[in-house]
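Welcome! Take a moment with the structure below, and then we will walk through a few of its features together.

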Amino acid sequence: MLDFFTIFSKGGLVLWCFQGVSDSCTGPVNALIRSVLLQERGGNNSFNHEALTLKYKLDNQFELVFVVGFQKILTLTYVDKLIDDVHRLFRDKYRTEIQQHSALSLLNGTFDFHSDFMHLLREAEESSKIRAPTAMKKFEDSEKAKKTVRSMIERPKEKAKSNKKNKGAKKEGSEGSSSANKGAPTGKPDLPTGPGDGVELSKEELMRKKREEFMQKHGRGAEKSSKSSKSDAPKEKGKKAPRVWALGGSANEALDYSPPTTNGTPETTLPEDINLIRGTQAGGQLQDLDCSSSDDEGVTQNSAKPSASKGALGGMFGMLKGLVGSKSLSREDMESVLDKMRDHLIAKNVAADIALQLCESVANKLEGKVMGTFSTVTSTVKQALQESLVQILQPQRRVDMLRDIMDAQRRQRPYVVTFCGVNGVGKSTNLAKISFWLLENNFSVLIAACDTFRAGAVEQLRTHTRRLSALHPPENHGGRTMVHLFEKGYGKDAAGIAMEAISFARNQAFDVVLVDTAGRMQDNAPLMTALAKLIAVNTPDLVLFVGEALVGNEAVDQLVKFNKALADHSMAQTPRLIDGIVLTKFDTIDDKVGAAISMTYITSKPIVFVGTGQTYSDLRSLNAKAVVAALMKA
């Protein structure tokens, strides 16, 4: 039983809605719009929201969205057929109202579709009931039961060897084959073919029989069978007629490749065909992405090989007709371009699964859309992919730490940030960079040394604190201590140290508390339980995951498993997950910036900071357009 079925435009106007079991479809549909349609994540036509499963279909030509919702525990096999039938009937019935492309016409239009929808729903439900369950196949009906004993003993490798290695087989049995060929008649010999005859074929006879059957099957007849036996007639030597070469001119010309001479001096003129070949090769190379569409290839072939019936004017009009946007895009048109785009994204360090989903999302977005004037498939797909990547790098939630810190100051409490990640990604170093950035914005910082496991972790933070204090001494801030380290040594409970640090910051009026945690692998259950406990007990305002830009697909696995571990090991009703990402070592990857796309796509979390060097000032915010430009560069 369906919960709802709704049809609305991409502008947000609901054209028709069917309410089934559910009282309202507003919440699930709004979640679908926010999480999938606006975020360019349409690679899959299914979306889960709480206990519901939503399936949708986009009509890009008329800017419509068809959404059906049902309970997640149900398995409704007719949903895909129903949504296709509703899309086809609704589009054909109200084509005139929809083609006007005005909000006023859609609002004033009457879309009485209830009776038609119920008819389609009954047909879809009945078709799913009529379909009988597939019965288990019996052994007598299988291919194995039809095989004979001889066919089971015979190896397929022997047949391949007899077809491919004729020369070796002739050497092994030359005497037997020659005697058999001399005594055999010209027609097909009567050889025993089945195991019931009781006669075993020799190896040479079996090979000759199979060769003759193969030649007769392909229509060669006696011509090929005669070649299998040795003939005493001598072969004709020489060629019947001179060969005609492709670029050699007439057949009577001599094949003389030496340069022509004039009075003993070689001429330096080039053949006419050379310039044509060089010009074609230079024009066919693509300088940007190595993507070519079927339209571009057709235009190139038509311009290179004009027919005799059509003149130059006809070729020009044919080229213009191919460029002018009078055709809607289909998946066949975009397939070759999307394949090359996917390979390009993978080469730029985007995870393979995410690159496939991105290309699938672009295909769903462009399918059925009419191309613009003088635009090609390659340029259209590339532009849509760029827009999708920029949208992905700008998630729905933006983290503004300065605004949130000032809001916490008005409430007279410190703003708490917790750093987490695997070993060696640069948590302590980037914590020091963020501390310097906060100090430059005149906020006091308390660093909590909660990495009580790694040797030298506290000493590293103590060194950073001393250097930051030298850059921002108290005398420059009216005697106020701007940065302080809260430490309790090694081997202590990290959650307890963080709680004491937050209490100390509240009493000493520190603006920000930065909590450093120990590096841990995402599969280490005891350490992930301790991290979940630290976050659940202290409830930080921001949880930042620190990841490397050069690890590629591993960063996706780390993010997914960190979020899953925090959710599994947390005792809270609504577990706290990762809020943002710090992307480190961004200066070591050149233009292979695909890790940024992979991280934001898989978690929908923003990249708050980007580490680009070794000094405290080497901290940047993410520029989505610059990252996409580097990603799309050939």
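The expected span is 1.5 Å times one less than the number of residues. Helices here are DSSP runs of H or I with at least four residues, strands are E runs of at least two, and both are numbered from the N terminus. Within α11, the buried residues are Leu206, Met207, Arg208, Lys209, Arg211 and Glu212. Buried means under 20% relative accessible area, exposed over 50%, and partly exposed in between (1.4 Å probe, protein chains only).

Helix α2, residues 79-93, also reaches 21 Å between its first and last C-alpha atoms, close to the expected 21 Å. Buried residues in α2 include Val79, Leu82, Ile83, Phe90 and Arg91.

## About the model

This is a predicted model: local features need pLDDT of at least 70 and side-chain atom pairs 80 or more, while totals for chains, interfaces and linings use all residues. Residues are numbered from 1 along each chain as its sequence is written, and side-chain values use heavy atoms, leaving out hydrogens and water.

## Cysteines

How many disulfides does a search of the whole structure find? It finds 0, counting a disulfide as a pair of cysteine sulfur atoms within 2.5 Å. For Cys25, the nearest cysteine sulfur belongs to Cys17, 3.6 Å away. Cys25 counts as buried because its relative accessibility is 9%; Cys450 is buried too, at 3%.
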